[in-house]
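Me: I'm new to reading protein models, and I'd like to learn it feature by feature. Could you walk me through one?

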Amino acid sequence: MSKEIQVKKMTDIIAAFVGYTGIHLPDDVLAKLTELRSKEDSPMAGLIYDTMFRNIELAKELDRPSCQDTGVLQFWVKCGTGFPLINELEALLKEAVLQATSETPLRHNAVETFDEYNTGNNVGKGIPTVWWDIVPNWDGCEVYTYMAGGGCMLPGHAMVLMPGEGYEGVTRFVMDRMTSYGLNACPPLLVGVGVATSVETAAMLSKKALMRPIGSHNENERAARMEKLLEDGINAIGLGPQGMGGKYSVMGVHIENTARHPSTIGVAVNVGCWSLRRGHIMFDKDLNFKVASHTGFTM
Amino acid sequence: MLEIKDSKKILTTPISAEDLKDIHTGDIIYISGSLTTCRDDVHRRVVEEGLTIPIDIRDKAIFHAGPIIRTLGEDHYEVVSVGPTTSMRMEKFEYEFVKETGVRVLVGKGGMKENTVRACQEFGCIHCVIPAGNAVVAAICVEEVVDAQWLDLGMPEALWSCRVKEFGPLIVSIDTHGSNYFEEKKIEYNKRKEEEIAKINKEVGFIK
Ligand code: SF4
């Protein structure tokens, strides 16, 4: 395959996959929503879940984006240094977004800051967002795709606590966000929490936490325990679907962490809405791909 | 007009203040008839600039939403996808807006506050939410786009007047009797939040 053909092939796959994720929710999200739906017993929560599942079916049937806010496209790539398209990757991701925007169609969600105009094609300066993790001595590439909707970006928050505030401070930081903004972000939510040293390290981790499959746990025992405590605590607040009341508020709480400076605890929270449009696709050096997030996707 | 069909409460435009009397927060209703999208810029034009809204919404319904519209021909449009936007952004305009326009039903996402509660009580109006993220369910309730005005505001902000059939489900969040579902819920949520924080904090004293 010539470079040009390879680039076109990967662009087409990513474009089709991004479009697909706007219409079909990932397997883990569907399974979790099905579980939460069966555990709610109030008629209002039941009706809201019925509407959500009807929408999931209709989106599939009519091949239309399930939510009108198809978000800003964000990619987290784990790219091997030996991946043949490493040099072309960032440009081809942008091209793939342009393609998906006209084909699916996706909403035009890129507004240039300061000049304040909508670019009209869903890409702009730094949009799509691409975060790189370089993997030495590997020739494959993994791509996480994410549609960041307006409503579910709003609760996002990061700050640096003093160690005296402790993990108790982390708890309050997360919990306060749930009742102030979380309830308008279309619960049940997936909550990502970063615990690190400065604002940006914590913030980045809180986003990466959303990429973890629902049901996975932090490998540190205490962190995993805190995930469970926060999950139970936020559920007990009783936000329910759409924040209108119910037994469950979240699909899960994921914490990602690093070491910290002795004088700081960087903490951040990021939420995904029930319509969690994230995808995970993996390429080998010959551009054979496997999709980890959605069973139904084919080219 | 309010009718009950297969145990569904359906409000059909034109709607009178009388029709809203027996509707309470937490009720589930549907709307048939005229529903027009009205969001930030339309509210600002009507309330701040004093312009007359070019589509008559008296005794009808508005939707805080910016749709994806497909143009099918001259003055001929289709709603591809539509869903609610956060109603709270319209809060500061809503009292004057309801007073000025005579609208009876506001549909959006999340709660609103005292201005809207006051408007609903004084002028006979309700605020409802439609479960968000369900753009396809909402779009297929739209039978026809009957009028489009203020297109200079751009696709999301323009007035799209739709004929809808059993548009919903809508959950009443502010009624004509002064009740506000979300504000009442928030008190509950905040109380439970404090209890849960106290519980969690007993177990996370990791810094010794
Ligand atoms: S929060 Fe999510 S589901 Fe709700 S409107 Fe925004 S993108 Fe759609």
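Predicted model: local features only at pLDDT ≥ 70, side-chain atom pairs only at ≥ 80, totals over all residues.

Me: Let's begin with a whole chain. How many helices and strands does chain B have?

Reply: Chain B has six helices and 10 strands. Along the principal axes, its C-alpha atoms fill a box of roughly 70 × 40 × 40 Å.

Me: And what share of the residues of chain B count as buried?

Reply: A residue is called buried when its relative accessible area is under 20%. In chain B that goes for 60% of the 208 residues. Taking the contacts in chain B with a separation of 6 or more, 64% are between residues 24 or more positions apart.

Me: Now a single residue. Is Asn122(A) buried or exposed, and why?

Reply: Asn122(A) counts as buried because its relative accessibility is 2%, and the cut-off for buried is under 20%. As for its place, Asn122(A) is in the loop between β3 (117-118) and β4 (129-135) of chain A.

Me: Which polar partners does the side chain of Asn122(A) have?  Start with the side chain of Thr101(A).

Reply: The side chains of Asn122(A) and Thr101(A) are joined by a polar contact of 3.2 Å. A polar atom of the Asn122(A) side chain also lies 2.9 Å from the backbone nitrogen of Asn109(A). If you leave out residues up to four places away in sequence, the residues that Asn122(A) touches include Gly71(A), Leu73(A), Val97(A) and Ile127(A).

Me: What about Thr179(A), where is that found?

Reply: Thr179(A) is in helix α6 of chain A. With a relative accessible area of 5%, Thr179(A) is buried. To see what surrounds a residue, check the chain letters of its contacts. Thr179(A) touches Ile237(A), and from chain B it touches Lys186(B), Tyr189(B), Asn190(B) and Lys193(B), not counting residues up to four places away in sequence.

Me: What joins the side chains of Thr179(A) and Asn190(B)?

Reply: That's a polar contact of 3.2 Å. Besides this, a polar atom of the Thr179(A) side chain lies 3.4 Å from the backbone oxygen of Asp176(A).

Me: How do I read Tyr181(A), and where is its place?

Reply: Tyr181(A) is in the loop between α6 (166-180) and β7 (189-196) of chain A. Its relative accessible area is 38%, so Tyr181(A) is partly exposed. Tyr181(A) and Leu154(A) are 27 residues apart in sequence, and their C-alpha atoms are 7.0 Å apart. Not counting residues up to four places away in sequence, Tyr181(A) touches Leu154(A) and Pro155(A).

Me: On to the ligand. Why is the site said to be shared between chains?

Reply: The site is shared because residues from chains A and B surround the ligand. Among them are Cys67(A), Cys152(A), Cys186(A) and Cys273(A), along with Lys109(B) and Gly133(B). Sorted by class, the shell has five nonpolar, four polar and three charged residues. The ligand takes up the space of the largest pocket.

Me: Last topic, the backbone. What do most residues and peptide bonds look like?

Reply: Most peptide bonds are trans, and most residues other than glycine have a negative phi. So we look for the exceptions.

Me: Which peptide bonds are cis here, for instance the one that ends at Pro128(A)?

Reply: The bond from Ile127(A) to Pro128(A) is cis, with omega near 5°, and Pro128(A) is in the loop between β3 and β4 of chain A. Gly168(B) and Pro169(B) are also joined by a cis peptide bond, with omega about 5°. Pro169(B) is found in strand β10 of chain B.

Me: And what is the phi of Asp6(B)?

Reply: Asp6(B) is not a glycine, yet its phi is positive, at about 45°. Asp6(B) lies in the loop between β1 (2-5) and β2 (8-12) of chain B, and its relative accessible area of 71% makes it exposed. Asp75(B) has a positive phi near 55°. The place of Asp75(B) is the loop between β5 (68-73) and β6 (76-81) of chain B, and Asp75(B) is exposed, at 63% relative accessible area.

Technical notes. Residues numbered from 1 in each chain as written. Chains lettered and ligands numbered in written order. Heavy atoms only, no water. Helix = DSSP H or I, 4+ residues; strand = E, 2+ residues; numbered from the N terminus. Buried < 20%, exposed > 50% of the residue type's maximum accessible area, 1.4 Å probe, protein only. Polar contact = N/O pair within 3.5 Å; in protein donor to acceptor, adjacent residues only side chain to side chain. Contact = heavy atoms within 4.5 Å. Near = heavy atom within 4 Å. 1 Å grid on protein atoms, 1.4 Å probe; cavity = no way out; pocket = protein on both sides within 12 Å on 5 of 7 lines; lining within 4 Å. Sits in = over half its atoms within 2 Å of the grid points. Nonpolar A, V, L, I, M, F, W, Y, C, P; charged D, E, K, R; others polar.
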